[in-house]
Structures are given as C-alpha cells and as structure tokens.
Amino acid sequence: GMVLFFQAIALIPVANVVAINFTGPILTSVLAVFLLGEAMRARRWGAVILGFLGALIIIRPGFTEVGAGVLSAVAAAVSWAVMQIMAKSLSHRESPQKIVTLNLLLMVPVSFIPVVFVWTTPSLFALALMALHGVLGTVNQVFIVRAFSLTDTTYVMPFDFTRLPFVALLAFFLFGEIPPFWTWIGGAVIFASTLYLTHRESRDQ
C-alpha cells in the first residue's frame, strides 16, 4: 500500500492522490459491516455514499484518462482499507502501541527487498525529511488504532476525509500544485458528508 501510494504521488498531483485515497475509508466502513459485524445506520451509509460520489467526481472515469497514477492510488486505498480492518480486529485484544510497533518492525524487512534494487544514498536533508515522516506516520497510526479501540470503524473513517483541504493547501505552498476544479468539487462533497455525519452523531451522544 505504501509503495503504491508513493508511486502515485510521483505520477499525479498530491491532492488527487489523497482524494482518490479517500475511497479507502469508504471501503473500510463497508468491510467493517460484513467482516466485523458493525452496525451501519442510515446516516453513516449516507456519508459513505456521498464520500464515494465525491471520489468519483475527482477520478471522473470515462472523462479523464485513468493511467498508472490513478490505478496506483486506488490500489493503495484498497490495501489501506484491508490494513485498517485488521488493525480494528486486533485493537480488541492488543494495545495501540503494540500494534503499531509490530507493524513497523515487520514493515522494515519487507520494504528492504525492493529497496535493494533501486537504492541511492539520500542526502542529509532527505534523511531528515524521512525521519520526520516516520515520526508523524507512527503518531498517526497510534491515534487511528486508539480511535478504533474506543468506537466503531464506521464512525472513525469519515473523519479521514478532512485530510484533503490540508494536503491541497500544503501541496500548493510547497510544490506549487494547483488542484483541478473537479478535485475541489469532489473534495467539497466529501467534506460535506463528514461534516453531516459529525453533526448528527454528536447530537446522539
């Protein structure tokens, strides 16, 4: 999933990759119903369907070329969804720290295999960025698994959609990438679905 995600970033704009990656939370929510037996109330289905429509607006199959970058992003999202279901299942009997630690320890030898064939020594600046990426990624995983241990997957996943505006903003300032018009429209639909779900769920607490 990570290899496919980074490959997609190298081929298409970052905001597009993240937007397509939002199909991951949608798929995770659906899998949680069938594999984990979680309840999926009408409003959660509504948020999932709206999020999926937002993703379709961004991808626009049939209106834009679906190349290697888009396919890599979609495949990464599917891999990510399966991983989240596994993390949720483990969260019932293992601590978030243990799950994340074992995940990282197992990922190192697996990732080392393809690295051997394309290795180039990174600069100190690149090493610093990779170290920061590792720290932020680990913190992110700890919080996600912690959220899984406290509530349903179908409630946690729609919150992931809020990444889009932050990523689009950072990509603009750091790389000068301007997301296409349809990315903003699809992102707005996705964000609206999350906002609706948050509002309705909070009223029922």
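## Basis of the description

The model is predicted, and local features are reported at pLDDT of at least 70, side-chain atom pairs count at pLDDT 80 or more, while totals for chains, interfaces and linings use all residues. Residues are numbered from 1 along each chain as its sequence is written, and side-chain values rest on heavy atoms, with hydrogens and water left out.

## Overall fold

The protein chain contains 10 helices and 0 strands, where helices (H or I, at least four residues) and strands (E, at least two) are DSSP runs numbered from the N terminus. Along the sequence the pattern therefore reads α-α-α-α-α-α-α-α-α-α. Of contacts (heavy atoms within 4.5 Å) between residues at least 6 apart in sequence, 85% join residues at least 24 apart.

Buried residues account for 35% of the 205 residues in the protein chain; here buried means under 20% relative accessible area, exposed means over 50%, and partly exposed covers the range in between, using a 1.4 Å probe and protein chains only. The accessible surface of the protein chain is about 12000 Å², and 75% of that surface belongs to carbon and sulfur atoms. Accessible areas come from the Shrake-Rupley method with a 1.4 Å probe, and for residues only the protein chains shown count as cover.

## Nonpolar cores

A nonpolar core is a set of buried Ala, Val, Leu, Ile, Met, Phe, Trp, Tyr and Cys residues joined through side-chain atoms within 4.5 Å. The largest such core has 8 residues, namely Val14, Val18, Ala19, Phe22, Ile58, Val167, Ala171 and Ile190. Helix 2 (14–21) and helix 9 (163–175) each supply at least two residues of this core, and helix 2 gives the most, with 3 residues. Another core, of 7 residues, lies apart from it and includes Ile99, Val100, Ile144 and Val145.

## Surface patch

On the surface, a nonpolar patch is formed by Phe34, Leu35, Leu36, Trp45, Ile49, Leu50, Phe52, Leu53 and Leu56, which together have about 830 Å² of accessible area. Patches are made of residues with over 30% relative accessible area and no salt bridge, with like charges joined within 9 Å and nonpolar side chains (Val, Leu, Ile, Met, Phe, Trp, Tyr) joined within 5 Å.

Helix 3 (23–35) and helix 4 (42–59) each supply at least two residues of the nonpolar patch, and the largest share, 6 residues, comes from helix 4. Phe34, one of the patch residues, is placed in helix 3 and counts as exposed because its relative accessible area is 63%.

## Salt bridge and aromatic pairs

A search of the whole structure finds 1 salt bridge, a term that requires a side-chain nitrogen of Lys or Arg within 4 Å of a carboxyl oxygen of Asp or Glu. The side chains of Lys98 and Glu94 meet in a salt bridge with an N to O distance of 3.1 Å. Lys98 is partly exposed, with a relative accessible area of 42%, and Glu94 is also partly exposed, with a value of 28%.

The whole structure also holds 2 aromatic pairs. Rings of Phe, Tyr and Trp (its six-membered ring) pair if their centres lie within 6.5 Å, and planes under 30 degrees apart count as stacked, over 60 as edge-to-face and the rest as tilted. Phe5 and Phe6 form an edge-to-face pair, 6.0 Å centre to centre and with 70 degrees between the planes; Phe5 is partly exposed at 21% relative accessible area, and Phe6 is partly exposed at 39%. The rings of Phe172 and Phe173 have centres 5.3 Å apart and planes at 75 degrees, so this pair is edge-to-face. Phe172 is partly exposed at 39% relative accessibility, whereas Phe173 is exposed at 63%.

## Two buried positions

Ser72 lies in helix 5 (residues 68–90) and counts as buried because its relative accessibility is 5%. Leaving aside neighbours within four places in sequence, Ser72 is in contact with Leu4, Gln7 and Ala8.

Pro179 sits in the loop between helix 9 and helix 10 (181–203), and its relative accessibility of 9% makes Pro179 count as buried. With neighbours within four places in sequence again set aside, Pro179 is in contact with Ala15, Ala168 and Trp184. The C-alpha atoms of Pro179 and Leu169, which are 10 residues apart along the chain, are separated by 9.3 Å.
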